Amino acid sequence: MEQKQQRKSSERVASIQTEYVRSLQKKETRKNARKVRLYRRLAVFAIAAAIILGGLTNMFINQKHALAAKEQQKVEVLAQLEGVQEEQEMLKRQLVKLNDDDYIAKLARKEYFLSEKNEIIFSIPENKKKTDEQDKGKE
């Protein structure tokens, strides 16, 4: 009971309204206001940093995917380049052969059944399977 009375009596105690007490209260309210503003600024800064970090992460991931796609494309193009270079080498060899008169004469005899003077060309059919396959390939 005594404790209740002491509490009631302490609640009844009024604060002293002197200039010093008022200045302390103002300082306290300013300090609390500064803390609130600081927390707000920190929250805004944290949100801005999170947005920037998210954007940079997204950009990094997109660039990584684009780089992987370019690497895959590079591998495909290099394989294609190798095939084209092989074809180019074959065509160069064929070009060298076409500059040889003996090769041209042999090719003309084989493909077009041309002959030199006093020469007879006999056409011997190849295996029947080979000719059938060639006919099917032409169709």
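Reader: Which residues form a positive surface patch here?

Author: In such a patch, like charges are joined within 9 Å, and each residue has over 30% relative accessible area and no salt bridge. Lys and Arg count as positive, Asp and Glu as negative, while His and the chain ends are not counted. The charge is placed at NZ of Lys, CZ of Arg, CG of Asp or CD of Glu. In this predicted model, the patch consists of Lys26, Lys27, Arg30, Arg34, Arg37 and Arg41. Arg41 lies in helix α2. The model is predicted, with local features needing pLDDT of at least 70 and side-chain atom pairs pLDDT 80 or more, whereas totals for chains, interfaces and linings use all residues. Residues are numbered from 1 along each chain as its sequence is written, and side-chain values use heavy atoms, without hydrogens and water.

Reader: Is arginine 41 buried or exposed?

Author: Buried means under 20% relative accessible area, exposed over 50%, and partly exposed in between, with a 1.4 Å probe and protein chains only. Arginine 41 has a relative accessible area of 55%, so it is exposed. Of the 139 residues of the protein, 1% count as buried.

Reader: Which residues form a nonpolar patch on the surface?

Author: For this kind of patch, nonpolar side chains (Val, Leu, Ile, Met, Phe, Trp, Tyr) are joined within 5 Å. Here they are Leu38, Tyr39 and Leu42, with about 320 Å² of accessible area together, an area computed by the Shrake-Rupley method with a 1.4 Å probe. Leucine 38 belongs to helix α2, which covers residues 19-98, and is partly exposed at 39%.

Reader: How many salt bridges does a search of the whole structure find?

Author: A salt bridge requires a side-chain nitrogen of Lys or Arg within 4 Å of a carboxyl oxygen of Asp or Glu. The search finds 1. It joins arginine 22 to glutamate 19, with the closest N and O atoms 3.8 Å apart. The two residues are 3 residues apart in helix α2, and therefore separated by about one helical turn. Arginine 22 is partly exposed at 37%, whereas glutamate 19 is exposed at 58%.

Reader: How many helices and strands has the protein?

Author: Helices (H or I, at least four residues) and strands (E, at least two) are DSSP runs, numbered from the N terminus. The protein has 4 helices and 0 strands.
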